[in-house]
Amino acid sequence: MAQVTLSNVKKVYAGGVEAVKGVSFDIPDGGFCVLVGPSGCGKSTLLRMVAGLETISSGEVAIGNRVVNEIEPADRDIAMVFQNYALYPHMNIYDNMAYGLRNRGTPKDEIDKRVKEAARILAIEPFLERRPRQLSGGQRQRVAMGRAIVRKPQVFLFDEPLSNLDAKLRVQMRVEIKKLQRALGVTAIYVTHDQVEAMTLSDKLVVMNAGQVEQIGLPAEVYRKPASKFVATFIGSPPMNILPGAVDGPGIIALGDAIIEVRDLREDLAAQAPVEVGLRPEDVEIASEGQAGSLPFDVEFIEELGATQLFHGKLAGQPFVMQAATGEVAAQEGRLWLTVDPDKIHVFDPKTGARLGKG
Amino acid sequence: MVEDRRMGDLIAYIILTIGVLIVAFPVWLTFVASTWDASTVINGEMPLYPGPYFLENYKRILFVGTSSTTREPVIGMMLNSFIMAMAIALGKIFISVLSAYAVVYYRFPFRMAAFWIIFITLMLPVEVRIFPTFKIVSDLNMLDTYQGLAVPLIASATGTLLFRQFFMTIPDELLEASKIDGAGPFRFFKDTLLPLSMTTIAALFVIQFIYGWNQYLWPLLVTTKDSMQTIVIAIKKMIVTADALTEWQLAMATAMLAMLPPVLVVIAMQRLFVKGLVETEK
């Protein structure tokens with residue numbers, strides 16, 4: 001168990017491509033850190049640098065106060081779970097889990113104890129004699145986790161471990177991973193492109209884009225107060241709506257015909273400066289027609305999600321999606337009037353995408 | 001349309017049977033000839049069923065040899081052929097696995113150059129480079145030795161290519177998992193790569209054993225002593241054209257014996273193929 005510290009970590013490939021452009025953050029002991037971002041954002045590269053599978057071009061990675069830049073993967077006291085499980089196809093499940101311990105020279109009875117213990121925790125005891133190919137995807141995933149557990153590492157590294165599973169199993173395994181990590185108290189770094197996994201698993205969410213960290217924070221914090229337009233549209237499903245607006249005065253935004261007083265808005269913005277206004281699909285309310293500050297919303301079609309409904313249409317002429325609990329709004333196409341809670345408005349710089357907030 | 005399909009099946013079987021007969025008949029004829037005495041074979045009235053001289057002919061050829069041209073007993077030649085074929089097959093597997101491992105998994109200067117140089121040797125089989133190769137072997141005093149028979153034939157690129165292609169299909173994550181599990185380059189090779197390559201190794205072994213066993217030109221050049229000749233050369237030598245009488249029944253028996261080891265290797269390895277396939281595909 002250890003804290004992991006990254007200071008100004010960079011990865012430059014031989015061709016000069018900068019995959020990771022100076023990333024710094026730390027994960028407290030026992031923390032669950034999720035790196036999330038679109039493919040090619042450098043999140044996997046970063047994880048692989050922590051694992052020691054990629055060299056670190058510059059900067060430092062420390063695990064438990066020990067700088068590990070020059071230390072072999074096997075000696076970093078980490079365990080990794082791969083997307084395709086990377087089980088040894090020619091070994092049975094028992095040997096798959098025991099292999100790393102054998103290489104370290106762990107005594108036989110200790111190996112046996114640890115493997116059986118891990119098999120019990122993960123409910124894979126009946127399969128110990130089988131080969132990986134004889135198991136289902138979910139079972140293989142458990143074996144891959146078992147292989148990580150038996151090493152009793154200081155850090156778990158997960159590289160999109162659930163991507164190869166079907167949707168139902170993914171939800172189930174997600175919960176199990178979280179439970180397991182809590183029970184063992186091992187620091188974890190988890191890479192995913194799935195923002196639901198990112199939100200649910202992390203107690204420290206790192207959103208990455210184009211080799212850089214866009215935002216670090218608690219998942220709820222990142223959701224409530226995205227630091228940039230990128231984070232705002234990446235986290236949340238369906239994604240946040242972005243509408244063109246303009247500054248109408250200190251702390252005031254004009255959105256279509258509505259004039260909204262936004263509390264979290266820098267006050268030094270030039271009047272009439274164009275801005276982008278972010279609105280989460282669930283953060284609008286139905287108003288009566290013509291109510292002050294309301295905007296017309298022309299519903300074009302409705303998606304049923306069971307508990308909620310998605311209304312697709314145009315808000316003041318711009319594409320917009322609204323989410324409402326089923327039954328709350330009459331599910332029919334046509335014009336609705338919406339008002340916006342000024343506390344739930346996000347304003348971004350249209351050029352840089354940065355949040356134009358106060359703090 | 002049951003009737004039609006039956007007709008189709010029947011025609012297919014007839015064609016297949018004819019094919020099998022065409023292939024099998026000469027083999028049968030060889031076998032039959034090896035079981036009669038010399039005069040029956042030579043006077044052109046040999047029956048198409050085996051004769052009573054099976055044991056006599058085979059005992060004679062295995063342990064005594066022909067009376068004129070080859071003189072040595074065939075058992076010794078079979079041993080020579082076997083040693084040569086095994087040395088070629090095993091030597092080639094050994095070299096190919098290692099070189100492919102180096103080319104695929106290591107990053108060293110001129111790696112691709114090394115690979116292409118290996119690749120280019122595909123265009124230089126023994127027949128093309130026969131004179132320089134002979135010169136080197138003779139300068140190294142390897143004429144009439146097993147090394148001289150096997151080593152020049154071990155050096156070729158087919159095995160390296162085969163293993164390279166196979167290694168490239170093995171996911172990188174296996175190597176990475178091994179690294180994290182504390183397996184160094186040798187451990188990864190021994191514990192993961194070799195067990196996964198077993199079927200490929202078996203395939204290459206079969207091909208190379210038969211290739212080695214069937215060598216004619218090279219052994220003809222580098223062996224001069226009777227005690228070093230291989231069985232394939234012996235068959236040719238037994239068939240005399242000029243003054244002496246060809247002992248056909250013995251030559252045919254030698255041909256039968258020459259066919260045996262490759263057949264056995266194929267049959268034995270076929271099991272390993274199937275086993276390997278079943279184990280990996282499940």
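Two residues are in contact if their C-beta atoms, placed from the backbone, lie within 7 Å. The legends below refer to a predicted model.

**Figure 1**
Beyond its neighbours within four places in sequence, Ala254(A) is in contact with Gly245(A), Ala246(A), Asp248(A) and Ile259(A). Ala254(A) has 16 other C-beta atoms within 10 Å and is partly exposed. Gln272(A) lies 18 residues from Ala254(A) along the chain, and 8.8 Å separate their C-alpha atoms.

**Figure 2. The loop between helix 8 and strand 11 of chain A, with Ile235(A) and Pro238(A).**
With 22 other C-beta atoms within 10 Å, Ile235(A) is buried. Neighbours within four places in sequence left aside, the contacts of Ile235(A) are Gln195(A), Met199(A), Val207(A), Val222(A), Tyr223(A) and Pro226(A). Val36(A) is 199 residues from Ile235(A) in sequence, and the distance between them is 9.2 Å, C-alpha to C-alpha. Pro238(A) belongs to the loop between helix 8 and strand 11, and the peptide bond from Ser237(A) to Pro238(A) is cis, with omega near -5°. Most residues other than glycine have a negative phi, and most peptide bonds are trans.

**Figure 3. The hairpin of strand 9 and strand 10 of chain A.**
Strand 9 (residues 204-209) and strand 10 (residues 212-217) of chain A run antiparallel and are joined by five bridges. Asn209(A) is placed opposite Gln212(A) in strand 10. Two residues lie between the strands of this hairpin, and Ala210(A) is in the turn. Ala210(A) is not a glycine, yet has a positive phi of about 50°. Ala210(A) is partly exposed, with 15 other C-beta atoms within 10 Å.

**Figure 4. Glu160(A) in the loop between strand 7 and helix 5 of chain A.**
The loop that holds Glu160(A) runs between strand 7 (155-159) and helix 5 (167-184). Glu160(A) has a positive phi of about 45°, although it is not a glycine. Glu160(A) has 20 other C-beta atoms within 10 Å; a residue counts as buried at 20 or more, so Glu160(A) is buried.

**Figure 5. The largest nonpolar core, with Leu35(A) among its members.**
This core has 106 residues, of which Val34(A), Leu35(A), Leu157(A) and Ile189(A) touch the most other members. Helix 2 of chain A gives the most to the core, six residues. Domain 1 (4-233) and domain 2 (238-348) of chain A each supply at least three residues to this core. Leaving aside neighbours within four places in sequence, Leu35(A) is in contact with Lys43(A), Leu46(A), Leu47(A), Ile189(A), Val191(A), Val206(A) and Met208(A). A second, separate core has 25 residues, including Ile88(B), Leu162(B), Leu204(B) and Trp213(B).

**Figure 6. The contact between domain 1 and domain 2 of chain A.**
The domain assignment of chain A places domain 1 at 4-233 and domain 2 at 238-348. The centres of the two domains, taken over C-alpha atoms, are 38 Å apart. Domain 1 brings five residues to the contact and domain 2 brings seven residues. The side of domain 1 that touches domain 2 consists of two nonpolar, two polar and one charged residues.

**Figure 7. The contact between chain A and chain B.**
In this contact, 20 residues of chain A meet 16 residues of chain B. Strand 6 (78-81) and helix 2 (93-104) of chain A each give at least two residues to the side of chain A that touches chain B. Helix 2 of chain A provides the largest share of that side, four residues. By class, the side of chain A has 12 nonpolar, five polar and three charged residues.

**Figure 8. The helices of chain B.**
Chain B contains 13 helices and zero strands. The radius of gyration of chain B is 24 Å, well over the 19 Å that the globule rule gives for 282 residues, so chain B is more spread out than a compact globule. Along the principal axes, the C-alpha atoms of chain B fill a box of roughly 75 × 70 × 30 Å. Of its 282 residues, 31% count as buried. Among the contacts in chain B with a separation of 6 or more, 72% are between residues 24 or more positions apart.

Technical notes:
Residues are numbered from 1 along each chain as its sequence is written. Chains are lettered from A and ligands numbered from 1 in the order in which they are written. This is a predicted model: local features need pLDDT of at least 70, side-chain atom pairs count only at pLDDT 80 or more; totals for chains, interfaces and linings use all residues. The radius of gyration is taken over C-alpha atoms; the globule rule is 2.2 Å times the number of residues to the power 0.38. A residue is buried if 20 or more other C-beta atoms lie within 10 Å of its own, exposed if 12 or fewer, and partly exposed in between; C-beta atoms are placed from the backbone. Ala, Val, Leu, Ile, Met, Phe, Trp, Tyr, Cys and Pro count as nonpolar, Asp, Glu, Lys and Arg as charged, and the others, Gly among them, as polar. Domain bounds come from an automatic or database domain assignment. Two strands pair if DSSP finds at least two bridges between them. A nonpolar core is a set of buried Ala, Val, Leu, Ile, Met, Phe, Trp, Tyr and Cys residues joined through C-beta atoms within 7 Å.
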